[in-house]
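I opened my notebook on this one today. Here is what I looked up, in the order I went.

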Amino acid sequence: MQLASLENLVQAYRNAKVDLYFSSNPRLFDLAIYEGRLEQNLSELRNFINSDDETWVTDSEFVGSFTLTPKSLNSTAVKSDESTIWSDPWEAWNANVSSHAVERPVAQFRLMSKCSIDLHVLSTLWIRNVGHRLDEKLGDAAMGSRLRRTSDGGFNSFASGSFKPYLQPYKKWRDGGINSMTSALSENKPVIAITADATSFFHTLNPSFLLREDYLGGVLGIKLTKEEAKLHRLFVHALLAWARAVSAQFSNPHVGIPVGLPAAAVVANLALVELDRVVRDQYKPLYYARYVDDILLVMEDSEGLSNRRTIGNWLISRSKGLLTTIPSESNSSANRRTIQFTPHYLSDSQIIFENQKNKIFHLRGATGQSMLGSIKFAINAQASEWRSLSSIPDDPGRVSVAIARATGADGEPAQSLRDTDSVSARRAGFAIRLRDFESYERNVSLDSWAAHREAFVDAVAKQVLTLPTFFDLAQYLPRLIKLISACSDFDSLIELINSVERVFSAVVDRCTLSVAAHSVLPVSKATIADVWAEQIVREIYENVASGIAGNITSNDLLRITTILELISPTALRDLFGGRSLTDWHKQLFISDLAHVPYRFRFLSPNLVSQRGIPDDLSEEIIPSALPLPPAVERGLDAFAALPGMVAPAPTDPRSLWIQKAIPWGLTFATRPFNMLELYLTLRDNTSKYGIVPPEVVEAILVAQRGFKPSGSLPGGGNAGPPEPGVLNVPANIEGGKRRVALAMVDTDAEVAKRAAVGHPDLGRQRFENLTSLFTELTGRTPRPHYALLPELAVPSTWFIPMALKLQEHGINFISGIEYQPTSTLEITNQVWAALKIDGQGYPATFVYRQDKQRPAPGEERHLRELANLRVAPRIKWDAPPIIAHGDFRFGLLICSELTNISYRSALRGDVDALFVPEWNQDLRTFEALVESAALDVHAYIAQANHRKYGDSRIRAPRSKEWERDVVRLRGGEHNFVVVGEIDYWALREHQSAHVVLNGAFKPVPDGFQISKARRRTPTSGGR
């Protein structure tokens, strides 16, 4: 039996590519080069793995090398003179360093692996065949770097990447401890909270413990097959060989496992499995969790453990010999003893807990609750800021102030017990500001915020790319480079690169250079400088190539390379082989490694900006005969079979996947389609609702993301027989009331005209008007279930990001969409509804699009006079479709469609509410129409009109006159939202009763028949 088949290696590469792409050092060019001859590379690796020889994993070319990234800049010199304040960071740096000429600042670097792509593939193959079995033995307390699993607990072999996303496990780790402490304090229990992490954990861990039978069989209870054992040996021996190779260069025996190799995080987790067990069994904590080696332990202080020494003794005495003490190198005081984790299987490692991050908190009574309350407030504030829609200062002059506040060293509140300084808060603050500018780059026309970008780059150059701040925020340099490159602001790009060169020169000239965890024999300054220089050049050049949205002039390229050669004269030539940035950008794009995801090629320009997509893709790399699992091929076939998705290729009997030549960007996607995009992209103009069959969506999701929906998808029917004319969207929203937010938005008629002729207004001011409206909307308590905007209110390209943001807050988004040209003389007028789908096992959103069937008379005349245009629906219907979102049923009509009596008649008895986005000046006519419709359709009518005209309202068929207008709005100088409530269960009970006199609602009209699906047993006494 062969240990590695080509199909298994293809799957391993798919995961390894995603894992590496989302790592801190994604190696874009290396991945692109590897894919250039993927079949040959994987075939050769297969032959090595299946051979009898196992020494090849120790080859230096296979294990790769290392790089260095900034970690910290430690010096009392830069902080000593606090009585003198400098506004310019460089002046402050120079003054403070010059005043302490003897004591040079210490620039410390973190050693990161730069393993071969082959080793990444082997490591991922190990995860898929062995590592996931070991990971399964870890308890729930281990929350970080856990592998993706299916709903039944098995390893998800088709997922996009090997690991669970970072955010949710981190929030669970952080919030669980705070909640447990809050609960204990509320019961008047004194609490001890301990936070700790192992000093240089990855660099001091010897992976040889994984080869010990007393660990595999004794600790984990795992028995490997002969084939699994061989793969396991190859993986561990490769880790050991990498450590030996790096150790030889550093003359240091303690190198550990390769930071940056994703599988190394699995190894790190496994090393602490016995710590998890002893804490659980012997300490009986109120809460215990760890994010790899970041530990949070909460215990009731029932024994009066008053200081660090007594707590340490207590922990050690109950650890069953797994914890011991050693003298602290930094402080010989007994109260600062270092605790070491010493299980029998880690005899070759040194796992110690002794650094500045380890803290002990004693929390009691009201003061403890106040401390936790402050932390929770900071968490909620930052979470709210992360979830908010992007916003940048209206005045470019305020951009610098915003960056200064985000990166300021003082005044930032702690957001967890682990925050012992302001570095984490500064990083989070700057990341939010950077995210805002990235959002503008994706969504807003470049010329409308050019001054803001210039101010942003100037602020970053002067406040972030300085010393010592650079060492705290260096991880954001790739995103900065991609952002500015994508905007084609080459003068600003030069300014950024110049600032980086200045930082590099200042560090090399005026600092002592060191490598963290490698202090036994100091590494030479020249070695550190050369390795760091190469890393800087690679990082900048790769991310310029990733981000550029157009051709770069030879002059601009010369300016960039001239600066990079000041950092490293040889790196550009040695690393990148003289290929042009434009060629590299094209290669990265078709491999889904560029700033713009490859899937955007298949999304209409009406959905996403096409900037950054190369014009000429005639030389796309396409898969050859590489084997894929049947489920993946089925999904790719389903995509290829849809009209207009991919261009035909020479006939191949294997599958549509081969026949239509689906390129790497989809087969090996780093950022595959999400469900919302699929429903917007894969439109079926022959179906009643314009949506593709659920089985097609499911097949593509399995192939691209490894997610098989656990519940039914829209269009798939429900538990009972299918209902004609009803689109079922599975949702579980509790209660029989729905809160609906009506948005008063002012859109200029000229904006609608420009959209009709294919020139939509995507300017900054309009974007900010809408985002400020949604910020107000998401701040409502309790939040609405639905947000309704007027006709033609939102450009189609902004719908996806806005809908996803609102979904984070649990708000379903319904809006009229600007005119979209479909041909030279035809346009659409549509309403889109982004609706949450439940029961899928992960967050999912479905988008339903409904066409206006005929224009209003005035609309028809204006469009004809404008450019001889006419409204032509993509999907035609005779009776308005009914959307069943969970058990709430509603219909959609666009403005003048409400005047169609046959439409209203078709909905009577079948809907709880009718949503009507409008652009309407004839308020008197619609006033009577809405009041009549509420009574003859006998449903809630929610209409959203533009602020200029007003009369947005929610009208109910209530019996009391003053209760009929739930909400009614008109006028105002600013966009705003108001929330009203629809009590549809009460309405159904009323309609289900035989006769209701003096009820809360008007009697049903003559001939009214409630649909069977809406019937509800009336409560006693009638309503």
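Predicted model: local features only at pLDDT ≥ 70, side-chain atom pairs only at ≥ 80, totals over all residues.

I began with a facing pair: isoleucine 954 stands opposite valine 967 in E23. Residues are numbered from 1 along each chain as its sequence is written, and side-chain values use heavy atoms, without hydrogens and water.

Next I checked how E23 is joined to its neighbour. Strand E22 (residues 952-955) runs antiparallel to E23, with four bridges between them. I take strands (E, at least two residues) and helices (H or I, at least four) as DSSP runs numbered from the N terminus, and strands pair if DSSP finds at least two bridges between them.

Then I looked at what packs there. Helix H35 (residues 923-938) lies on the sheet and touches strand E21 (940-944), E22 and E23; contact means heavy atoms within 4.5 Å. The direction of H35 makes about 20 degrees with that of E22. Axes are lines fitted to C-alpha atoms, for helices over the stretch in contact, with angles from 0 to 180 degrees between N-to-C directions.

I moved on to glutamate 35, in helix H2 (residues 28-36). Is glutamate 35 buried or exposed? It is buried, because its relative accessible area is 1%, and buried means under 20%, exposed over 50%, partly exposed in between (1.4 Å probe, protein chains only). Leaving out residues up to four places away in sequence, glutamate 35 touches Tyr13, Lys17, Ser591, Trp664 and Phe668.
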